[in-house]
Each structure stands twice: as C-alpha cells, then as structure tokens.
Amino acid sequence: MTQEQPILSIKGLLKSFDGKSVLNNLTMDLYPGMVVGLLGLNGAGKTTLMHCALGILAMDAGEAHILADNAANLSLQTKAQIGFVPQQPFGYEGFTVGAALALHRSFYPSWDLELEQDWLKRFNLTSKLQVQRLSVGQRQSLALIMAMAYRPKLLLLDEPVASLDPIARRKFMADLFDLALESGSAVLFSSHITSDLERVASHLALIKEGELLLFKEIDSLREEVKSLSLAENTPLPASLRVLQRQGNAVLVDNYQGQVIEGVKAVTSLNLEQLFVALHS
Ligand SMILES: Nc1ncnc2c1ncn2[C@@H]1O[C@H](COP(=O)(O)OP(=O)(O)OP(=O)(O)O)[C@@H](O)[C@H]1O
C-alpha cells in the first residue's frame with residue numbers, strides 16, 4: 001500500500017494555546033489508500049491537528065506538507081485536491097440542495113456527477129430541499145458529498161458521522177474506505193465511535209496528552225497490543241512497549257505472541273476497551 005510520496009506529511013508539530021501545550025512534537029505520514037481513524041479524548045487536539053495540517057492554524061514549530069506544497073502556503077492546484085468537512089459544516093443558507101451543489105461543483109473540474117447523485121440517494125436528499133431546513137445530520141451528509149464528489153487526494157473529516165443515523169453512518173463509512181482505495185486518496189477522520197473506526201479504518205492514530213501514542217495498522221493493533229496480567233516483580237522484555245501500567249496490569253504494544261515468564265494472562269482488547277484502559 002505504501003508508496004514513496006506521502007499525501008500528507010506532518011513533522012514535529014508543536015502547538016500551544018495560551019501557553020498550554022496541545023500537540024507536542026507530532027509526526028505522521030499518510031500515504032495513498034490509508035484511511036486513518038483519529039482517536040483522542042475531548043480536547044485532545046484532533047481538530048487542532050487537522051487545522052494545522054491544512055494551514056488554517058499556524059504551528060508553533062514543525063511543518064506539514066500536502067502533496068508537494070507546504071501547508072502554510074498551499075497552491076490552488078493542491079487546494080483542489082483536498083476535501084475537508086469541519087465539525088460544524090456551514091454555509092449555503094438560502095440555497096436549495098441542488099443549487100448549492102451546482103455552485104460548489106463549478107469550482108471542481110474533476111467533480112463526479114454520478115457519485116454525487118448516488119450519494120444524494122443514499123442519504124435520502126433531494127435537490128429541491130432548502131439547505132436551511134435540513135436537519136443537522138442532513139447538513140452533515142451534504143457537507144460530505146461536497147467534500148468527496150471531486151475525489152480529492154486528501155480527505156480530512158472532523159467527526160463526520162456524529163449526527164448521522166446508524167444506517168447512513170454504515171453506508172458512509174463503507175463507501176469511505178472504497179473511495180479511498182479506488183481513488184488512491186488518503187483519509188484522516190476523527191470519531192468517537194470506535195466500532196466504526198475498527199470496521200473501516202486501515203490505521204489508528206491515537207493522541208494522548210499531546211503525543212501520538214499509537215499510529216498503527218488496525219490489524220497489527222489487534223495482534224500486538226495486549227493487556228498483560230503480571231506476577232509480582234515480573235520484568236518485561238525490552239521489545240515490549242509499555243503504554244500504560246496499573247499495578248500488575250500492563251498494556252503493551254509490540255507483543256509477538258511470545259511466552260513470558262511471570263505473565264499470568266494475555267488479554268486482547270477491542271478498540272473501546274483499549275481506549276478506556278489507556279485513559280484509566
Ligand atoms: N483557538 C483556540 N484558542 C484557545 N484554545 C483552543 C483553541 N482551539 C482549541 N483550543 C484548545 O485546544 C485543546 C484541543 O482542542 P481541539 O478542538 O483540537 O480538541 P479535539 O480533540 O478536537 O476535541 P473534541 O473531541 O471535543 O472535538 C482544547 O483544550 C481546546 O480548548
């Protein structure tokens with residue numbers, strides 16, 4: 001999957017607000033076909049990360065590149081390759097859905113009309129609906145169509161499905177993955193719905209206390225991140241990375257199935273359990 005040129009490359013990102021560090025030396029590369037689920041507590045810095053990556057927010061240190069451009073100075077050409085759905089989609093009051101899409105479409109030569117129509121049907125949206133009368137979930141659906149129908153190379157979605165009903169959410173998440181693979185795009189989406197993330201993401205990025213604690217393929221995560229129950233004073237092999245320790249319960253990464261003396265139990269965790277364990 002990995003090709004030589006990342007679509008999004010973030011290096012050493014530092015960002016503070018009012019002297020309080022939010023992101024601390026964060027480095028991450030997204031390659032074509034990667035669908036990265038971004039997880040973190042409320043206020044962990046997920047939105048901040050996306051805004052810095054897009055050049056909407058200035059970084060205190062570090063840099064981000066999208067395709068060949070520095071995020072601080074994106075060319076129009078590169079901007080046309082980016083889709084972004086913010087947490088609170090906005091705009092197009094006074095328009096019908098059809099008119100809003102027509103205007104939006106006019107900016108993007110690569111707009112895929114068939115994809116647009118297909119997604120309108122999937123989300124039960126019709127052209128004649130007034131944008132200001134749409135429900136929150138319907139607005140979110142419209143914002144997603146607007147961000148995706150031109151098949152951008154980089155798609156950043158800040159809690160894109162929080163207001164969608166479970167049926168729309170499932171359809172959207174499944175399509176998101178297919179679209180990324182088909183179009184060779186990279187996707188970074190934040191969500192608190194760990195089951196969605198587990199189902200469709202190729203990678204997990206987990207931010208804790210300003211650091212990218214985990215950035216890992218979902219399949220490797222299932223195999224290599226385990227909770228170990230230890231006997232007193234059990235030393236762990238140096239190859240294991242300790243993520244969290246609570247008495248004799250240790251959460252580790254890089255577990256390779258080895259038998260370790262003094263380890264009484266090895267437990268697998270789903271993503272929600274892992275998230276809770278990491279923050280307890
Ligand atoms: N413009 C700003 N000025 C001051 N503080 C800010 C600003 N933007 C964000 N913050 C702070 O930075 C921290 C990270 O916020 P951010 O919105 O990135 O978190 P998040 O992970 O997206 O949270 P959530 O899951 O609740 O959406 C929070 O403590 C927030 O209060």
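These exercises walk through a predicted model.

**Exercise 1. Which residues surround the ligand, and which helix gives the most to the shell?**

Step 1. List the shell. The ligand is surrounded by Phe 17, Asp 18, Val 22, Gly 40, Asn 42, Gly 43, Ala 44, Gly 45, Lys 46, Thr 47 and Thr 48.

Step 2. Sort the shell by class. Three residues are nonpolar, six are polar and two are charged.

Step 3. Find the main helix. Helix α1, residues 46-53, gives the most, with three residues.

**Exercise 2. Is Thr 48 buried or exposed?**

Step 1. Thr 48 sits in helix α1 and belongs to the residues around the ligand.

Step 2. Apply the cut-off. A residue is buried if 20 or more other C-beta atoms lie within 10 Å of its own. Thr 48 has 22 C-beta neighbours inside 10 Å, so Thr 48 counts as buried.

Step 3. Look for contacts. Leaving aside neighbours within four places in sequence, Thr 48 is in contact with Lys 15, Val 22, Leu 23 and Leu 57.

Step 4. Check a residue elsewhere in the chain. Ala 143 is 95 residues from Thr 48 along the chain, and 20 Å separate their C-alpha atoms.

**Exercise 3. Where do the buried residues of α6 fall, seen down the helix axis?**

Step 1. Size up the helix. Helix α6 covers residues 166-183, 18 residues in total. From first C-alpha to last, α6 reaches 25 Å, close to the expected 26 Å.

Step 2. Name the buried residues. They are Phe 172, Met 173, Leu 176, Ala 180 and Ser 183.

Step 3. View α6 down its axis. The buried residues fall within an arc of 125°, so they line one face of the helix.

Step 4. Turn to the other side. Ile 167, Asp 178 and Glu 182 are exposed there.

Step 5. Find the packing partners. The buried residues of α6 pack against β3 (35-39), α5 (136-148), β8 (186-190) and α7.

Step 6. Look just past the helix. Gly 184 takes a positive phi of about 60°.

**Exercise 4. How many residues of domain 1 are in contact with domain 2?**

Step 1. The domain assignment gives domain 1 as 8-217 and domain 2 as 225-278.

Step 2. Separate the centres. Over C-alpha atoms, they lie 33 Å apart.

Step 3. Count the contacts. Seven residues of domain 1 are in contact with seven residues of domain 2.

Step 4. Trace the domain 1 side. α7 (194-200) and β10 (211-217) each supply at least two residues. α7 gives the most, with three.

Step 5. Sort that side by class. It has four nonpolar residues, one polar and two charged.

Key
Residues are numbered from 1 along each chain as its sequence is written. This is a predicted model: local features need pLDDT of at least 70, side-chain atom pairs count only at pLDDT 80 or more; totals for chains, interfaces and linings use all residues. A residue is near a molecule or strand if its C-beta atom, placed from the backbone, lies within 6 Å of it. Helices (H or I, at least four residues) and strands (E, at least two) are DSSP runs, numbered from the N terminus. Ala, Val, Leu, Ile, Met, Phe, Trp, Tyr, Cys and Pro count as nonpolar, Asp, Glu, Lys and Arg as charged, and the others, Gly among them, as polar. Domain bounds come from an automatic or database domain assignment. Two residues are in contact if their C-beta atoms, placed from the backbone, lie within 7 Å. The expected span of a helix is 1.5 Å times one less than its number of residues. A residue is buried if 20 or more other C-beta atoms lie within 10 Å of its own, exposed if 12 or fewer, and partly exposed in between; C-beta atoms are placed from the backbone. The arc is that of the directions from the helix axis to the C-beta atoms.
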